[in-house]
Amino acid sequence: MRKLWRFILVLLVVFITSASFAQLAFDTDYNYFSDGTFSYWVGEEDYLCNSGVYSSGQTSDWRTRDRYSCANGQLVSHGCQELVNGSWTPIVCPPGV
């Protein structure tokens with residue numbers, strides 16, 4: 001029984017540690033736009049690799065999300081989102097966005 005509890009404790013520590021490092025794996029940049037055309041920028045929020053946060057302007061119901069690797073600065077993913085019923089929903093980005 002002691003071995004089982006040790007095993008569970010080790011799994012818990014590994015899970016918590018990996019979840020903490022996963023948050024620092026990406027620099028996530030949100031750019032907010034006035035409407036679904038994504039033509040007019042109104043603000044941004046940047047969640048930095050060093051756990052810092054930068055924001056400017058205002059938020060809205062439409063945003064792009066760019067994730068960059070903290071290891072090499074490369075763009076990992078880009079997408080558009082719309083706030084629907086309180087949840088960010090992925091949508092198809094307009095051409096050129």
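Is Phe 33 buried or exposed? I looked up its relative accessibility, which is 11%, so Phe 33 counts as buried (buried means under 20% relative accessible area, exposed over 50%, and partly exposed in between, with a 1.4 Å probe and protein chains only).

I note that this is a predicted model, in which local features need pLDDT of at least 70 and side-chain atom pairs count only at pLDDT 80 or more, while totals for chains, interfaces and linings use all residues. Residues are numbered from 1 along each chain as its sequence is written, and side-chain values use heavy atoms, with hydrogens and water left out.

Next I looked for aromatic pairs (ring centres of Phe, Tyr or the six-membered ring of Trp within 6.5 Å; planes under 30 degrees apart are stacked, over 60 edge-to-face, the rest tilted), and the whole structure holds 3. Tyr 30 and Tyr 47 make an edge-to-face pair, with 6.0 Å from centre to centre and 80° between the planes. Tyr 30 lies in strand β1 and Tyr 47 in strand β2, so this pair ties together parts that are 17 residues apart in sequence (strands are DSSP runs of E, at least two residues, numbered from the N terminus). I found Tyr 30 buried at 14%, whereas Tyr 47 is partly exposed at 35%. Phe 33 forms a tilted pair with Phe 38, at 5.3 Å between centres and 55° between planes, and Phe 38 is buried at 6%.

Finally I checked for charges over rings (NZ of Lys or CZ of Arg within 6 Å of the ring centre and within 35 degrees of the ring normal). Arg 63 lies over the face of Tyr 30, 3.8 Å from the ring centre.

Notes
Helices (H or I, at least four residues) and strands (E, at least two) are DSSP runs, numbered from the N terminus.
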